[in-house]
Amino acid sequence: MAILATETHILVFPFPAQGHMIPLLDLAHKLAIHGLTITILITPNNLPLLNPLLSLHPSIKTLVLRFPSHPSIPSGVENVKDMPSGPVHTISMMCALAELYDPLLCWFKTHPSPPVAIISDMFLGWTNHLASQLNIRRIVFSPSGAMALSVIYSLWLDMPKRNQNELVSFSRIPNCPQCPWLQISTLYRTYLEGGTDSEFIKDSLCANQASWGLVVNSFTELEGVYLDHLKKDFDHRDNVWAVGPLLPPPGSIERGGPSSVPVHVVLTWLDRCEDHKVVYVCFGSQTTLTNDQMKELASSLESSKVNFIWCVREEAVKGHSKIPSGFEDRVAGRGLIIRGWAPQVLILNHRAVGAFLTHCGWNSVLEGLVAGVPMLAWPMWADQFMNARLLVDELKLGVRVCEGATTVPNSVELARVIKESVNENRVNRERAQKLSSVAVDAIKDGGGSSVKDLEMLVQSLINLKLQPNNLRNSM
């Protein structure tokens, strides 16, 4: 007898950081459309972030578990966005969430119709051990692209030695990417053999490679060579699915939190601008610029005379990310400051936007690609350096304007690049628009490469119901 999709129960477990959580919730939206029964594990303070998704899919259930206490995480904080920027807080969050192992195990064993698989973020590798104990499947969700993920896997497999004066080369990866030691993932650079947290992080990330499957927020036409590499190095090469670009479902404008400027005000402001003449500036939800960086960036935007929208992260560290006094008055009319969350997808897709100054977070890269907007790259940390390499060196869709979380740009040079990005950018714009068409085709119903991979993922999940070694037959 054929197994219906609704009979296939999946647990979705996002990591509580905006850049990780949002694309996995977008994937949950697509899986719900295909009829799967979905439960999302969430902690209480993150529950409101699910509201847009739950309003679209009332059938999606939530498993709300109390956030575990951790000495490095203030009481009441349950999301990386509410902590100061920096990888040390990501490590604390990874370690804290591992304390949910026993409560989650108990939930599985007492559920009348438990999930046949766990789809969890790459920072939750311990869920593979849980899945093994439950005799079910675990699928890794990577919010990073295939190239960056290949580098992460290679780091923990090859364990290159620490040498701050040399480039680290990744010879096993196509195109042999290399980068300075200080641009290597801090999760790896801070690894201390024998350290409790370090060994947990290593085990968690290595568990990803032992998991049953891998879902990547990318598409074949963009990163085919790196997806093929992951398939060759992955234990189950048939179980790698590229399902991106994952985009927000309709009506999910405020899915990342509140904004200081209403959406209709932002769009009305853009409507008054000329085509391709606005520079959009945003560094994501985790990056906090220093005051020196803010001063130089503000100076460059002011002296460039271009129209711009600047999304500024709400202060997470007292004394940081202060907009220079008087700046907003001096750029009134041609500059719009948004504090907090910005409707980025709507902004990037507006006809007036001609360039995107970005930290090169993978979600931002994909959203810029889909919108066909050339990018000015300022990678800060984590996978952003590799994303910038793909964007600038391989795809030729932008230029680097700065590198590093502490580097202070030259405001005169940055102003020049910003001005050129909307005045002399025809070639880059044409290239960006061509790749935009390719990206849109990948997620187009009726034959897009990512649509096909998504359908194969759904079918693979449904097939788990037919296998004799799933949870219901082992209890």
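Q: What links Trp156, Trp181, Tyr188 and Tyr191 into a cluster?
A: Ring pairs do. Rings of Phe, Tyr and Trp (its six-membered ring) pair if their centres lie within 6.5 Å; planes under 30 degrees apart make a pair stacked, over 60 edge-to-face, and the rest tilted. Residues are numbered from 1 along each chain as its sequence is written, and side-chain values use heavy atoms, with hydrogens and water left out.

Q: How many aromatic pairs does the structure hold?
A: There are 12.

Q: What makes the pair of Phe15 and Phe123 stacked or edge-to-face?
A: Check the centres, then the planes. The ring centres are 5.2 Å apart and the planes sit at 90 degrees, so this pair is edge-to-face. Phe15 is in the loop between β1 (9-13) and α1 (18-33), while Phe123 is in the loop between β4 (117-121) and α5 (126-134), so the pair ties together parts 108 residues apart in sequence. Helices (H or I, at least four residues) and strands (E, at least two) are DSSP runs, numbered from the N terminus.

Q: Are Phe15 and Phe123 buried or exposed, and how do you know?
A: You need the cut-offs: buried is under 20% relative accessible area, exposed is over 50%, and partly exposed is in between (1.4 Å probe, protein chains only). Phe15 has 1%, so it counts as buried. Phe123 has 12%, so it counts as buried too.

Q: What about Phe283 and Trp378: what kind of pair do their rings make, and why?
A: Their centres are 5.2 Å apart and their planes are at 85 degrees, so you get an edge-to-face pair. Phe283 sits in the loop between β10 (278-282) and α11 (291-304), and Trp378 in the loop between β14 (375-377) and α15 (384-394), so the pair links distant parts of the chain, 95 residues apart. Phe283 has 4% relative accessibility and is buried; Trp378 has 0% and is buried.

Q: Why would a set of residues be called a nonpolar core?
A: It has to be a set of buried Ala, Val, Leu, Ile, Met, Phe, Trp, Tyr and Cys residues joined through side-chain atoms within 4.5 Å. The largest one here has 100 residues, and Leu104, Tyr280 and Ile309 have the most contacts inside it. Helix α6 (residues 146-158) gives the most to this core, nine residues.

Q: How do you know where this core lies relative to domain 1 and domain 2?
A: Domain 1 (9-157 + 187-249 + 447-466) and domain 2 (263-440) both give residues to the core, so it lies between them. The domain bounds come from an automatic or database domain assignment. A second, separate core has 34 residues, including Leu25, Ala28, Leu246 and Leu464.

Q: Is Arg389 buried or exposed, and why?
A: Its relative accessible area is 18%, so it's buried. Arg389 lies in helix α15. Contact means heavy atoms within 4.5 Å, and, leaving out residues up to four places away in sequence, Arg389 touches several residues, among them Met147, Cys176, Tyr226 and Arg400.

Q: Why is Cys176 called partly exposed?
A: Its relative accessible area is 44%, so it falls in the in-between class. Cys176 also has a positive phi of about 45 degrees although it is not a glycine. Ala382 has a positive phi too, about 55 degrees, and isn't a glycine either; at 34% it counts as partly exposed.

Q: What is the mean pLDDT of the protein?
A: The mean is 90, and 92% of the residues reach 70 or more. Over residues 471-475, though, pLDDT is below 50. Where pLDDT is low, the predicted coordinates should not be read in detail.

Methods:
Predicted model: local features only at pLDDT ≥ 70, side-chain atom pairs only at ≥ 80, totals over all residues. pLDDT = per-residue confidence, 0-100.
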